[in-house]
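Subject: Structure handover and notes

Hello,

Please find the structure below.

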Amino acid sequence: MNTVSAENPSFGGKVPHLMCGKGDVADIVLLPGDPGRVEMFKDLCDNFEIVARNREYIVGTGTYKGVPVSVCSTGIGAPSTEIAVVELIELGARALIRIGGTGVMKSEIRCGDMVINTAAMRMGGASQFYAPPEYPAVASFEVVRCLEDACRRLGLKCWKGISASIGSFFAGQGRPAVGRVFHEKDLIKKYENLRILNMEMESETIMTLGSLFDVLTGCICAVHANRKTDEWMEDFAEPQRQMCIAALEASVQLKNEYLK
């Protein structure tokens, strides 16, 4: 019977969850939560091929304007994101950029706008096993700059600020669950008082681990909902596409200026 080390498992030279090996993943990896979003890059990149499928993880690699870029789904929330991030870093990733959807906390932000997170409240759960709560989750300046520049070139309205990155979709984000209210009464007001820009579920895990392992990180999200105005997008395919293009444009700049 073939066995692997429980402490550092490897399956035929592949990491155990992403099921990729060295050479399958580019220096820069975009991280959507939704596996279905990986397929979008077939129309945006050259020579884009799916290199692995396992559980909630789909990994694809191609080129954009001559720059190799990979896309890896993380699933929803911190635990599955932790697995993806650790294994990607083990495979040699040098920059990780979250791409996803988000709900915002300011009435002036419109659905379809872009949010670039400069930092995140560490409320996901998984990163607590790596660093104490006082350790900050911060995006890399280089990635923030490249994302902002890309949005400007593409004519996309973008907002920068701190996210509440939460390991709960319902109670943790002020929503009832099965008709019952478990969250504190003034939870949303509390986030507002802290000048939180948006809520999502993965960025703090990516940022914290990136800092610990000396990998550049960032996060750009398309606004799907406004929690202040109760505005929601039912069809957010186009903003998602625009966000993906912005992330690809930022990847080219990041590679040329910072990852030579």
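The notes start with conventions and then go through the findings.

This is a predicted model, in which local features need pLDDT of at least 70 and side-chain atom pairs count only at pLDDT 80 or more, while totals for chains, interfaces and linings use all residues. Residues are numbered from 1 along each chain as its sequence is written, and side-chain values use heavy atoms, with hydrogens and water left out. Helices (H or I, at least four residues) and strands (E, at least two) are DSSP runs numbered from the N terminus.

Helix packing

Helix α2 (residues 141-154) packs against helix α5 (residues 237-258) at an angle of about 130°, and their axes are 8 Å apart. The axes are lines fitted to C-alpha atoms over the stretch in contact, with angles from 0 to 180 degrees between N-to-C directions. That angle makes α2 oblique to α5 (under 35 degrees is roughly parallel, over 145 roughly antiparallel, 65 to 115 roughly perpendicular, and the rest oblique). The contact (heavy atoms within 4.5 Å) includes Phe141, Val143 and Cys146 of α2 and Ile245, Ala250 and Leu254 of α5. By class, it has 13 nonpolar, one polar and six charged residues (Ala, Val, Leu, Ile, Met, Phe, Trp, Tyr, Cys and Pro count as nonpolar, Asp, Glu, Lys and Arg as charged, and the others, Gly among them, as polar).

Cores

A nonpolar core is a set of buried Ala, Val, Leu, Ile, Met, Phe, Trp, Tyr and Cys residues joined through side-chain atoms within 4.5 Å; buried means under 20% relative accessible area, with a 1.4 Å probe and protein chains only. The largest such core has 43 residues, and Leu248 and Leu254 are among those with the most contacts inside it. Helix α5 gives the most to this core, with nine residues. Leaving aside neighbours within four places in sequence, Leu254 is in contact with residues including Ile28, Ile97, Val143 and Leu216. Apart from this core lies another, of 20 residues, among them Val29, Leu31, Val85 and Val215.

Other points

Helix α4 (residues 203-212) has eight of its ten residues buried, so it is largely enclosed by the rest of the structure. Among the buried ones are Glu204, Ile206 and Met207. Just after α4, Asp214 takes a positive phi of about 60°.

His183 lies in the loop between β8 (158-166) and α3 (187-193). At 18% relative accessibility, His183 counts as buried. Beyond its neighbours within four places in sequence, His183 is in contact with Ala171, Gly174, Arg175 and Pro176.

Regards

Notes: Buried < 20%, exposed > 50% of the residue type's maximum accessible area, 1.4 Å probe, protein only.
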